[in-house]
Amino acid sequence: MQRHFDEELRKLKDGILIMATSVDQAILESVEALKTLDASKAKDVITCDQKIDEMENTLQEHCLNLLACQQPMAIDLRFLTMAMSITTDLERMADLAVDIAQRVCELADKPLLKPLIDIPQLTVIAQQMIKKAINAFLNNDADLARKVILMDNEADRLRNLIQKELICDYMAKDPTTATRAVPLLLIARHLERICDHATNIAEDIIYMIDAKVVKHHPENL
Amino acid sequence: MDNLPIKMRAHGVDFFYGQHHALKNINLDIAKNHVTAIIGPSGCGKSTFIRLLNRMNEMVPNTTLTGKIYLDCLDILSPCIDPAEVRRRVGMVFQKPNPFPKNIFENISYGLEVNGIKNKQLIEDRVVESLKKSAIWDEVKDRLHDSALRLSGGQQQRLCIARCLAIQPEVLLFDEPCASLDPISTRKIEELILELKKDYTIAIVTHNMQQAARISDYTGFFLLGDLIEFDKTEKIFKAPHDSRTEDYITGRFG
């Protein structure tokens, strides 16, 4: 039976897709700003965050309205509660893009400590995780969500690599590099946290589709 | 069933109205001091099922029942069991409140007198206790000799519950008890059911999914005479195992 409720759920999915695209763009631009040490571009990312915050409020309100008025059950209930959780994760990812942009502003008046290799690579992983997670959400694809979770190991590995390099090869040898190394170290940390949020989203999607809790239970993957 | 004590058990129950196979090999346990909800579309056999639990369907001609139904360890279908005794131990409240055309006091005392209780003090104590347990005492204590028919629908339904409680049953069966009530009366009955489960075992048939979700501990979904799924209520409404259950409770059915 066709339900009016399905149309509401479709609108909600569309809204989440638009929000995810904006978050993805914010992350990309914050790292682009880093590559070119472009403070103006970094400030654009910071300004645009307000729009993403508004999107979160609108989507959460939409979910609450549907919970209150439609009193959903089973898959519908899991979809709506996970949609709320996913928008929260997306908003936090956007906040991390702002954090990266703020680090770029700190770095903008100094030459780059080293050529950027691993940070752009970590950015690619973060973006792939977001895209895959959102595709999994839109297409109810639990297998794709599982792949996202597995990608997080590579993100952790890269972050550790960046951290080790900056501490051992730069700060330990020449403490005066700290003012340029610490912001890079934090950026790697922010990117890795973005990947953690993408993992959260993927875990929520698996719960939404299979009703299986994989969060804190990797053995259920 | 989490090793809970079982108050009633249906084992391999089949039921026919003439040739119509209304219930098919039903196996279902009703846990003591818990609320078990029976849901399903009209004609699925849910009312037929709970009516079997106090042998009400025997009054319908041309029906056949096979299988076993136990109340504790008692096989209630055994020929040597008096159906009236089963109905005393397993009370029923119906969809439409059906008070007797008598006063409020007599509505409760009548069942006691029919059951052979003559001690006036005992009857009075039992009437007061039943009305208190049914959360209607405060509303009727000053007009016990008014006609029960002058009460509101919600009050009449609570009076019917009190009438049921007076003869001290062990199990209470509710067949859509709120179907004809407004939301406030419905909420009062639901609160009452949650209170009553401390002392009684309860089975309720309801079309109201939210009601089943709010008040029951276990839920069984019936479809075309089959028990499709039986599980903890939160499992049924959060992540049912069977797609037919999911289709029904999300309104995709049909």
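**Stop 1: a parallel pair in chain B**

Select strand E7 (residues 171-175) and strand E8 (residues 201-205) of chain B, which pair in the parallel sense over 5 bridges. Here a strand is a DSSP run marked E of at least two residues, a helix is a DSSP run marked H or I of at least four residues, and both are numbered from the N terminus. Two strands count as paired if DSSP finds at least two bridges between them. Within this pair, B:Leu173 stands opposite B:Ala203 of E8(B).

The model is predicted: local features need pLDDT of at least 70, side-chain atom pairs count only at pLDDT 80 or more, and totals for chains, interfaces and linings use all residues. Residues are numbered from 1 along each chain as its sequence is written, chains are lettered from A and ligands numbered from 1 in the order in which they are written, and side-chain values use heavy atoms, with hydrogens and water left out.

**Stop 2: the sheet around that pair**

Next, display the open sheet of 6 strands in chain B, whose order is E6-E7-E8-E3-E9-E10 and whose pairing is mixed. Which strands stand at the edges? They are strand E6 (90-93) and strand E10 (226-232) of chain B; each has a single partner strand, so one side of each is left without a neighbour in the sheet. Neighbouring strands of this sheet are turned by 20 degrees against each other on average, direction ignored. For such angles, axes are lines fitted to C-alpha atoms, for helices over the stretch in contact; angles between N-to-C directions run from 0 to 180 degrees.

Now select B:Glu176, in the loop between E7 and helix H7 (183-196) of chain B. B:Glu176 is not a glycine, yet it has a positive phi of about 50 degrees. Is B:Glu176 buried or exposed? It is buried, with a relative accessible area of 14%. Buried means under 20% relative accessible area, exposed means over 50%, and partly exposed lies in between (1.4 Å probe, protein chains only).

**Stop 3: the antiparallel sheet of chain B**

Move to the other open sheet, where 4 strands of chain B follow the order E2-E1-E4-E5 with antiparallel pairing. Strand E2 (20-31) and strand E5 (74-75) of chain B stand at its edges; each has a single partner strand, so one side of each lacks a neighbour in the sheet. Strand E1 (residues 6-17) of chain B runs antiparallel to E2(B), and 8 bridges join them.

Two partners may be picked out along these strands. B:Arg9 has B:Asp29 of E2(B) as its bridge partner, while B:Tyr17 is bridged to B:His20 of E2(B). The hairpin of E1(B) and E2(B) has 2 residues between the strands, and in it B:Gly18 takes a positive phi near 60 degrees. As a general point, side chains in a regular strand alternate between the two faces of the sheet.

**Stop 4: helix pairs in chain A**

Select helix H1 (residues 4-36) and helix H2 (residues 39-70) of chain A, whose axes come within 10 Å and cross at roughly 160 degrees. H1(A) and H2(A) are therefore roughly antiparallel to each other. Angles under 35 degrees count as roughly parallel, over 145 as roughly antiparallel, 65 to 115 as roughly perpendicular and the rest as oblique. H1(A) passes H2(A) in a left-handed crossing; a crossing is left-handed if the near helix is turned anticlockwise from the far one by less than a right angle, and right-handed if clockwise.

For comparison, select helix H4 (residues 118-138) and helix H6 (residues 178-210) of chain A, with axes that come within 9 Å and cross at roughly 15 degrees. H4(A) and H6(A) are therefore roughly parallel to each other, and H4(A) passes H6(A) in a left-handed crossing.

Continue to A:His216, in the segment after H6 of chain A. A:His216 has a positive phi of about 65 degrees although it is not a glycine, and at 73% relative accessibility it counts as exposed.

**Stop 5: the cysteines**

Finally, how many disulfides does the structure hold over all chains? There are 0, a disulfide being a pair of cysteine sulfur atoms within 2.5 Å. The sulfur of A:Cys48 lies 13 Å from the closest cysteine sulfur, in A:Cys105, which is too far for a bond. A:Cys48 is partly exposed at 37% relative accessibility. In chain B, the sulfur of B:Cys80 is 15 Å from the closest cysteine sulfur, in B:Cys73, again too far for a bond. B:Cys80 is exposed, with a relative accessible area of 67%.
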